[in-house]
Amino acid sequence: MMDEEGVKLTPEQRKARRARSIAIGLALAALVIIFYVATIAKFGPAILERPL
Amino acid sequence: MALVDTGSAKDAGVRLSEAMPGDYFALLKPRVMSLVVFTALVGMVAAPATLNPLIALIALLAIAVGAGASGALNMWYDADIDRVMSRTRQRPVPAGRVTPGEALAFGLVLSFLSVMTLGLLVNWLAAALLAFTIFFYVVIYTMWLKRSTPQNIVIGGAAGALPPVIGWAAVTGQVSLESVILFLIIFLWTPPHFWALALFKSGDYERAGIPMMPNVAGAASTRRQIFAYSTIIAPLGVAPWLLGYVSAGYGLSATALGAGFLWYAWQVLRMGDDDRAMKPAKALFAYSILYLFGLFAIYLTDTIVMRLVSGGV
């Protein structure tokens, strides 16, 4: 099996990696929400009614 | 505690981190960031214009992240001296929880994101000021001045003093005299604040080889300079009232706070050379934080109350 090879993570490393992944995910989601909300705030809801 | 796996990971030539998100958050210097956010908020509220509340919140967040990014870059560069100072040796990089390379990457990415976000969503003057603040703190202060001159925190203090100007620029797209006065208050507050700390932590700075004023000019000269700066900061704190930006309520409060600053600085001036406990220096350091928070809190309250009274809100 492939997972027999490669780097083995200790439980602490696995836990830290999972926590960091969640933090990065949340930060990216926050950035998306910030730009979404800011677009609406700057252009208003009428942004969807503009001619393309 | 093993922070880097010495088993299979080492054999594979890979460093596996045990850094938690909290360690990265510590790189942002959250306590410094709180003062930055607060003073930027005062600059934004004092500005004679309005900004969409959501955009204002995003501006504040971008300023906070930019300030945090410069803190991370500072910790990347200063890891060697942070390791030998009792006050800083538990920081994530010297403690081994985060590698210098990780701190550098983290700081650079956040610097870029914060400046671009502020520029794209608020305005480019505010973004340029934030970029300048990060550059000034990291390159001018951390890399150059900190290790080369006892005037390091005097000049470097400009970086910490800029947030209210950035806040003001975020709302108005301009820089005004009022925002420059707020800048000057923080700028001239910085030397007595840091020299009070440097007096009772001079051993730390000596070990790290940082030319802080007490190590270079001596404790007596530092005490005199602290008092000299205090005689400037006390009346400068009252200046916004004298210039008509805020009410007499602020003026009286700022006078009282300034008198307190002078009193604590006077106690430091009278402190003997053989004083090992240095209680007056510790008291001035604590009071200086209270002074700046207090002054800006009163400025904020006064501005809001004046607007409410005049029907401007």
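Guide: Let's start with Asp78(B) and Lys146(B), whose side chains meet in a salt bridge, 2.6 Å from N to O. This pair links distant parts of the chain: Asp78(B) sits in the loop between α4 (53-77) and α5 (79-82) of chain B, while Lys146(B) sits in the loop between α7 and α8 of chain B, 68 residues apart. Keep in mind that what you're looking at is a predicted model.

Is Asp78(B) buried or exposed? Its relative accessibility is 0%, so Asp78(B) counts as buried. Lys146(B) is buried too, with a relative accessible area of 10%.

Now look at Arg147(B), whose side chain meets that of Asp80(B) in a salt bridge of 2.9 Å, N to O. Arg147(B) lies in the loop between α7 and α8 of chain B and Asp80(B) in helix α5 of chain B, so this pair ties together parts that are 67 residues apart in sequence. Arg147(B) is partly exposed, with a relative accessible area of 31%, and Asp80(B), at 40% relative accessibility, also counts as partly exposed.

Asp82(B) counts as buried, at 2% relative accessibility. Over all chains, a search of the whole structure finds six salt bridges.

Next, step back to see the wider setting. The domain assignment of chain B gives domain 1 (23-175) and domain 2 (191-313), and the centres of these two domains, taken over C-alpha atoms, are separated by 22 Å. How many residues of domain 1 of chain B are in contact with domain 2 of chain B? The count is 25 residues, meeting 24 residues of domain 2 of chain B. Between them the two domains of chain B bury about 2,100 Å², with 74% of it on carbon and sulfur atoms. On the domain 1 side of chain B, Phe38(B), Pro150(B) and Ile153(B) lose the most area to domain 2 of chain B, together 25% of what that side buries.

And what about salt bridges across this interface? Between domain 1 of chain B and domain 2 of chain B there are zero. The count of residue pairs in polar contact between these two domains of chain B is six. For the side of domain 1 of chain B that touches domain 2 of chain B, α3 (30-46) and α8 (152-161) of chain B each supply at least two residues. The largest share of that side of domain 1 of chain B, eight residues, comes from α3(B).

Finally, a quick look at the other chain. Chain A and chain B bury about 1,600 Å² between them, 75% of it on carbon and sulfur atoms. Val7(A), Gln13(A) and Arg20(A) supply 30% of the area that chain A buries against chain B, more than any other three residues. Across the interface of chain A and chain B there are zero salt bridges, but three residue pairs are in polar contact.

How values were computed:
Residues are numbered from 1 along each chain as its sequence is written. Chains are lettered from A and ligands numbered from 1 in the order in which they are written. This is a predicted model: local features need pLDDT of at least 70, side-chain atom pairs count only at pLDDT 80 or more; totals for chains, interfaces and linings use all residues. Side-chain values use heavy atoms; hydrogens and water are left out. Domain bounds come from an automatic or database domain assignment. Contact means heavy atoms within 4.5 Å. Buried area is the accessible area (1.4 Å probe) that two parts lose on being put together, summed over both. A salt bridge is a side-chain nitrogen of Lys or Arg within 4 Å of a carboxyl oxygen of Asp or Glu. A polar contact is a pair of N or O atoms within 3.5 Å; within protein, one must be able to donate a hydrogen and the other to accept it, and residues adjacent in sequence count only if both atoms are side-chain atoms. Helices (H or I, at least four residues) and strands (E, at least two) are DSSP runs, numbered from the N terminus. Buried means under 20% relative accessible area, exposed over 50%, partly exposed in between (1.4 Å probe, protein chains only).
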